Amino acid sequence: MDLAKAEDTCAWHTPESEICILAVDDQPANLIALEAALKGCSYRLMTATSGEEAVAKAFAYEYAAILLDIQMPELDGFETAQLIRSFERGRHTPIIFLTALSNDDKYIEKGYEVGAVDYIYKPINVSILKAKLEVFAELFRKSKELEFHSSQSRRRERDENEKQIAEIKRDTQEQYRDLVEGIRNGIVWTAEAESLRFKFVSPQAEAILGYSISRWLDDSQFIWNRIPAEDRERLIAAIEKAKETNTNVEVEHRKMRADGTTLWFNTNLRCTFRQGATEIRGLCVDVTRLKETEKSLRDMVKMRDEFLSIASHELKTPLTPLQLQMESFIRLFSQGRLDKVPIDILTNMLETSSAQVSILSRLVDQLLDVSRITAGKLQLDRSQTDLVACVREVLSMFHEDLATKGIEVVTHLPDHIFGLWDQSRLVQIVMNLVNNAIKYGNGTPIEIEASWPSRDFVSLRVSDSGIGIPQVDQARIFDRYERAVSPSNFSGLGLGLYITKQLVELHGGTIDVESKTDRGTTFTVTLPIHHL
Ligand code: ADP
């Protein structure tokens, strides 16, 4: 096997790892003869002419085997072998002694003690020498190949492990980033514990508050100055608590947005130690909507309580005169004096009672309608209905009341306006508007106009010149329980217009108000006709 071929077949082979055998002899002629004898072998023969040179060469290079002459001046073969065995590179190199000495057992024993693996006697039998050296060269090649392959596979394994670790690291970082960026209504941040200078702020901060992240990072005071003064101390106290107790601390505070509005945050703080430094980590969750909902719920509960107290008062008011009338009847009846009471007084007593019952039943009807509307159960029973007839019916219902209060009613009505409406609900709409015109009209004339401005729509206007409604209240009076007057001046539940609007909209129509304080009010209802 020549060296070029060995280079091809041996994967580990590099110029440094060329297989070499070192021959050591103080007689150059012997070395020349050896070189000639070993020409064409699969290894390179290197030579040294002294023990010192051999030690230096064995220290510098790892040989497949060393052929060592025993009889040399200065360092002899045994001493040279001992020195070669004393350092790492030469510890396991096979040493073959070359000797012309007799085959004495003691002598051979000494050779093995200093690390010889074999003896070759001079004069040298070339073919035995060649065969032996070939075995050592092959052994060396195999062990190097093995070493090379195992180091290769170790390296591959290490590379693979490093790759996996890098992947896990990247995945973890990506997951963390996704997690942080995925919190749409929250800001994750890290700040130095002492200076409170921000080290990290998640990108949502910009979307939520409108300031660029660099403003948080570059000027540590920037965002603290965006926290209202009254909340700042609370937040600082929470940070101190997190540092002292090393637990999660929660605090609610506001932050001002770039557009001037304010948001509420629920901030969770924790103190951590990282790379020898103390950090504060925070998660600020935008709870503004929650706060608003909480407030509106509280307002609704307050409103409901107020309504209950008004409603009980309203229901109680007609009950008192009714009870008094009843007691009078019972007294007169038990004393047998009922037939002696003049008929007009009796009639008046009965009419008063009936009026109170009507008021009660109207209040109860309103409450029932509100429950139906809230439950989505208010339904229309449509039939061919005459709006003008409904107006006339309502006016006849209020006839007594209007006459007693001396209120004039001016009407502009055609003979009929027919449409596909719920008759009793249409009466209820007109009744609510006329009732309010009487109640808030201050005794001024009431004007009622029904017209047919287009083929598909009709319009009904009810006007008075009474107390009017301030501009700011005009939108909310159509909402549940909303009133624009003091309950001590005017009775009512604040439900009439709410129910009216719901009924009009169920018919597909609209209701509008035009009003000026102390000048009067006009309600306009527009209804689609829904031809048969
Ligand atoms: P209520 O009359 O029971 O208070 P409504 O829902 O009918 O309830 O009316 C709501 C509010 O609208 C009234 O409290 C009153 O302030 C105002 N309002 C309604 N109609 C008139 C009107 N014709 N003139 C002045 N204010 C009115």
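## A parallel sheet

Ile 66 has Ile 95, in strand E4, as its bridge partner. That pair belongs to a set of 4 bridges joining strand E3 (residues 65-69) to strand E4 (residues 95-99), and the two strands run parallel. Helices here are DSSP runs of H or I with at least four residues, strands are runs of E with at least two, and both are numbered from the N terminus. Strands count as paired if DSSP finds at least two bridges between them.

Now zoom out: the open sheet has 5 strands in the order E2-E1-E3-E4-E5, with parallel pairing. Strand E2 (44-48) and strand E5 (116-121) are the edges, each pairing on one side only.

## About the model

You're looking at a predicted model, where local features need pLDDT of at least 70 and side-chain atom pairs need 80 or more, while totals for chains, interfaces and linings use all residues. Residues are numbered from 1 along each chain as its sequence is written, and side-chain values use heavy atoms, leaving out hydrogens and water.

## Around the ligand

So who sits around the ligand? The shell has 20 residues, and Asn 436, Tyr 440, Arg 483, Ala 484 and Leu 497 come nearest (near means a heavy atom within 4 Å). Helix H15 (423-440), helix H16 (496-506) and strand E17 (520-528) each supply at least two shell residues, and H15 gives the most, with 3.

Look for polar contacts too (pairs of N or O atoms within 3.5 Å). A side-chain N or O atom of Asp 464 is 3.0 Å from a ligand nitrogen, and a backbone N or O atom of Ala 484 lies 2.8 Å from a ligand oxygen.

Note on methods
A polar contact is a pair of N or O atoms within 3.5 Å; within protein, one must be able to donate a hydrogen and the other to accept it, and residues adjacent in sequence count only if both atoms are side-chain atoms.
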